[in-house]
Amino acid sequence: MDFKIAAHTDAGIRKRINQDSVLVKVAGTDRGGVCLASICDGMGGLERGELASATAVRQISDWFEHEFPDLLYRGLSMEILAERWTDMICSINRRISTYGHMAHMDLGTTMVILLLVDRTYYIVSVGDSRVYLLRDDLKQLTKDQTFIQREIDEGRMTREEARRDPRRNVLLQCVGASDEIVPDFSSGIIVPGSMFLVCSDGFRHAVSKKEIYAYLCPRHLSQEKMMQEGIEKLTELNKYRRESDNISSVLIRCD
């Protein structure tokens with residue numbers, strides 16, 4: 001596969017420190033190009049969220065460089081990846097948690113990883129950072145691990161009520177601040193010409209799905225410069241609408 005990639009992160013209009021960490025890695029292999037993208041959103045209500053998210057992406061980067069090549073050549077599957085990713089995430093969780101206890105502070109991070117290889121996408125997520133697929137429309141591939149999403153799933157809240165509820169940012173778990181982590185996994189086939197959007201929650205609170213698709217429609221964004229302009233315009237639109245969180249995104253086109 002060939003990849004075109006755009007990435008952008010912004011502290012936003014209210015926060016002095018950007019607690020989001022963004023990672024994009026591309027490599028050539030005997031089986032074609034592979035790409036890994038990750039966004040980790042340090043918890044804004046906790047101390048040193050930027051340290052938690054940076055710690056997570058460093059370990060994800062190390063995994064891609066040192067463990068993934070052997071995994072690729074032995075044979076890749078969602079089952080194998082789920083096992084290895086769970087081990088990695090639990091290790092990151094222990095590392096951040098141990099540091100927090102020693103430093104007498106609370107810190108944590110969401111985590112989402114998108115891996116593109118052999119015309120297949122693989123995703124793992126913890127928290128509410130998301131992956132979307134853009135093709136004929138915009139499809140959310142991850143499921144938020146939040147109080148609000150649980151209430152919707154169990155029929156105690158409508159989506160309209162959820163949009164107005166002040167508890168929309170309450171997470172059920174996050175890396176570094178939860179005793180036990182249960183990641184969500186998914187995978188699927190990549191259709192050439194598709195695009196994937198990886199983003200923190202600040203990127204999509206103040207804009208609609210229709211607006212995201214209008215700015216990032218794959219039919220109109222064939223070059224990296226156009227893709228970069230698209231995510232930066234959406235970032236500015238979020239800020240214009242007074243989004244208070246950090247805003248981060250990675251957009252990947254697969255051809």
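When I say that two residues touch, I mean a contact, with heavy atoms within 4.5 Å. Okay, with that settled, hi everyone. What we have up here is a predicted model, so please keep that in mind as I walk through it.

Asp 165 touches Ile 148 and Met 157, leaving out residues up to four places away in sequence. You'll find Asp 165 in the loop between helix 5 and strand 8, the strand that covers 184-189. So is Asp 165 buried or exposed? Its relative accessible area is 12%, and buried means under 20%, so Asp 165 is buried. Now look along that part of the chain: Asp 165 and Val 175 are ten residues apart in sequence, and from C-alpha to C-alpha they're 24 Å apart in space.

Okay, on to the core. As background, nonpolar side chains in soluble globular proteins tend to be buried together. Here, the largest nonpolar core has 33 residues. Among those with the most contacts inside it are Ile 60, Trp 63, Leu 76, Leu 81 and Met 111. Which elements give two or more residues to this core? They are strand 3 (32-41), helix 1 (49-66), helix 2 (68-74), helix 3 (78-103), strand 4 (111-117) and strand 5 (120-126). Helix 3 gives the most, with eight residues.

Leaving out residues up to four places away in sequence, Leu 81 touches Trp 63, Leu 71, Leu 76, Thr 86, Leu 115 and Tyr 122.

Now for a contrast in helix 3, go to Met 102, which also sits in that helix. Met 102 is exposed, with a relative accessible area of 65%.

Let's move to strand 4. Seven of its seven residues are buried, so strand 4 is largely enclosed by the rest of the structure. In a regular strand, side chains alternate between the two faces of the sheet. On one side of strand 4 you have Met 111, Ile 113, Leu 115 and Val 117, and on the other Val 112, Leu 114 and Leu 116, all of them buried.

What does strand 4 pair with? Strand 3 pairs with it in the antiparallel sense over five bridges, and there Ser 38 has Ile 113 as its bridge partner in strand 4. Strand 4 and strand 5 are also antiparallel, over seven bridges, with Tyr 121 in strand 5 as the partner of Leu 116.

Most residues other than glycine have a negative phi. But in the hairpin of strand 4 and strand 5, which has two residues between the strands, Asp 118 takes a positive phi near 55°. Arg 119, in the loop between strand 4 and strand 5, has a positive phi as well, near 60°. Asp 118 is partly exposed, with a relative accessible area of 35%, and Arg 119 is partly exposed at 32%.

Over to strand 10, residues 247-254. Eight of its eight residues are buried, so strand 10 is largely enclosed by the rest of the structure. Ile 247, Ser 249, Leu 251 and Arg 253 point one way, and Ser 248, Val 250, Ile 252 and Cys 254 point the other way. Strand 1 (residues 3-10) runs antiparallel to strand 10, and eight bridges join them. For example, Ala 7 has Val 250 as its bridge partner. Strand 9 (residues 195-199) also runs antiparallel to strand 10, joined by five bridges, and Phe 196 has Ile 252 as its partner.

Last stop, the largest pocket. How much space lies in it? About 660 Å³. Of the 21 residues that line it, the closest to its centre are Arg 130, Asp 144, Arg 159, Arg 163 and Arg 204. At least two lining residues come from each of strand 6 (130-134), helix 4 (147-153), helix 5 (159-164) and helix 6 (209-216). By type, the lining divides into six nonpolar, six polar and nine charged residues.

Methods:
Residues numbered from 1 in each chain as written. Predicted model: local features only at pLDDT ≥ 70, side-chain atom pairs only at ≥ 80, totals over all residues. Heavy atoms only, no water. Core = buried A, V, L, I, M, F, W, Y, C linked by side-chain atoms within 4.5 Å. Buried < 20%, exposed > 50% of the residue type's maximum accessible area, 1.4 Å probe, protein only. Helix = DSSP H or I, 4+ residues; strand = E, 2+ residues; numbered from the N terminus. Pairing = 2+ DSSP bridges. 1 Å grid on protein atoms, 1.4 Å probe; cavity = no way out; pocket = protein on both sides within 12 Å on 5 of 7 lines; lining within 4 Å. Points joined across faces, edges and corners; volume = space filled by probe spheres on them. Nonpolar A, V, L, I, M, F, W, Y, C, P; charged D, E, K, R; others polar.
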